[in-house]
Amino acid sequence: MRLRFAPSPTGHLHIGGARTALFNFLLARRHGGVFVLRIEDTDRARSRPEYEEEILRDLRWLSLDWDEGPGVGGSRGPYHQMQRLDHYGPYIDQLLAEGKAYRCNCSAERIQQGREALQAAGRKPMYDRHCRDLDLGPDCGEHVVRLKVPLEGSTAFDDHVRGRVEIDNAEIDDFVIRRSNGLPPYNFVVVVDDHEMGITHVVRGEDHINNTPKQVLIYRALGWEPPEFAHAPLILGPDGSRLSKRHGAVSVGAYREEGYLPEALVNYLVRLGWSHGDDEVFSLDELISVFSLDGITKAGGRWDVDKLRWLNQVWMKRLDPADLAERARPFLVAAGADPALIDDRLVPAVLTVRERARTLVELGEQARFYFVPDDALDWDEQAVKKHIKASTRPILDGLLAVLEGVEDWSQEGLEAAVKPWVEAEGIKLGKVAQPVRVSLTGKGVGPGLWEMLAAIGREVALRRIRAGRDKAAAREAAAGR
RNA sequence: GCUCCCAUCGUCUAGCGGUCAAGGACACCGGCCUCUCACGCCGGAGACACGGGUUCGAUUCCCGUUGGGAGUACCA
């Protein structure tokens, strides 16, 4: 079994393309097949090497490694279409010689007029086949080569997702298979490449379902057996319309930058258009063992960021803490943390905020307070006003006395030392926790008291609580006058 | 316009003629937990687009309508 993903380097790796790549990758891995990556770079005007680099990088980021293609080679190459240009001509000549294709030197204007006339008559706009039986030779001036599509009958294929798809040949144009510049267009090139690369299953988006009959016709004309097809539903925007930038991020790279984990993106992508009973959370390895074309759904799916965000948190909680911490580091710095202050408190710090954050960006913002100079804390004045007041001063003084004597600065040690004091004093834990939270973080919401104290470390904790105490004392003095 | 594809809660989906007074997940609402916010747990509201058939029986099969998507290039 051989599958392929064939992006054209004319833009970023789109989430729809990523899902197509994922489906192909999973099917290949599931059945011990081969996953081929082919670069369709024949659109010289729009293709750019930077895009190709980016696409390769993003596929690797998603852990969708290919067995043959750029960077890894393979026996069925080359894997860039620009390096395969000499493969196509002979087949076109063969079709011409066999009378299955013909040269056409009709002017663009003439063809255009014919199309408009047909459309006006309520018919599908097509070429009128003027040159079909003229038997034009190579010396007919500027010309294209068109496939002689059967006038009668129909062309069908059995799609693994949709069942039998059939279309009348009368609806299929005598489409171009060699442009006037000598290069064959997409429909011809994919067929030749897929055939020469031994592709057995073509899994792609539903937007290709309409040119599948044309491709089948080419396979037949060349005397080849078409591969098996499976057309996955398209990914739509949240409103059901075509997904576009106006709906937000559409490229894999953008989601990486927004702090999504590749594990979560893969998980979300696979579930949009595929299901396995009621299961929701899958690792790539789990997918490899259960993925099947049978699970692909037919209807287009809308992009739902909320579900992606939920899955991202699920994965942040599943990840090994040290791993998560390293992935969070750059986001922490981006949020304003001082790299020099990020020390071995990183892992415990990240653990205190991961269940409150849905992306690495949020994780970075929420863990920022651990690793900034005290004067760089982001103060929520409302919270300060509410929790650092005159009456707070004696509480913080009392707490400081307890804290200074703590030997075991761990969650358990801190709780064991402070709880008895709180109870003895007869004060609510909240009366202590909130002032401490504001002193440490600048905000009224955040991690639990014990875990936060333990994670931030004795030195910083005592320093910031003292500062909070002083602030409270100042208000006490102001109130007393 | 024409051709093709599609149609279960707001969203992703389970369902492959009776086991469905339609199940799960996200989001939403309420409660519990609780030092805040979360997490977690419990509960709630919420869907078979419509109309014809076929059948003893349709969410499930067929046709139509409506709605949505795609294609309609010497782009991929």
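Me: In which loop does proline 78 lie?
Reply: Helices here are DSSP runs of H or I with at least four residues, strands are runs of E with at least two, and both are numbered from the N terminus. On that count, proline 78 sits in the loop between helix H2 (49–61) and helix H3 (85–97).

Me: What kind of model is this?
Reply: Residues are numbered from 1 along each chain as its sequence is written, chains are lettered from A and ligands numbered from 1 in the order in which they are written, and side-chain values use heavy atoms, leaving out hydrogens and water. Local features need pLDDT of at least 70, side-chain atom pairs count only at pLDDT 80 or more, totals for chains, interfaces and linings use all residues, and the model is predicted.

Me: What is omega for the bond between glycine 77 and proline 78?
Reply: Look at the peptide bond that joins these two residues: it is cis. Its omega is about -5 degrees.

Me: What is the phi of serine 63?
Reply: Serine 63 is also in the loop between H2 and H3. It is not a glycine, yet its phi is positive, at about 65 degrees.

Me: Which element gives the most to the lining of the largest pocket?
Reply: A pocket is an open set of points on a 1 Å grid over the protein atoms alone, with protein on both sides within 12 Å along at least five of seven lines; a cavity is a set where a 1.4 Å probe fits but cannot get out, and lining residues have an atom within 4 Å of a point. The largest pocket is lined by 42 residues, with Ser8, His14, Gly17, Asp207 and His208 nearest its centre. Elements giving two or more residues to this lining include strand E1 (2–5), helix H5 (186–196) and strand E8 (201–205). The most, five residues, come from H1.

Me: What volume does the largest cavity have?
Reply: The structure holds one cavity of 30 Å³ or more. Its lining is made up of Arg110, Ile111, Gly114, Arg115, Met126, Tyr127 and Asp128. A volume is the space filled by probe spheres set on grid points, which are joined across faces, edges and corners. For the largest cavity, that comes to about 40 Å³.

Me: How are H8 and H10 placed, parallel or oblique?
Reply: Axes are lines fitted to C-alpha atoms, over the stretch in contact for helices, and angles run from 0 to 180 degrees between N-to-C directions. The axes of helix H8 (residues 262–271) and helix H10 (residues 305–318) come within 8 Å and cross at roughly 135 degrees. Under 35 degrees counts as roughly parallel, over 145 as roughly antiparallel, 65 to 115 as roughly perpendicular and the rest as oblique. So H8 is to H10 oblique.
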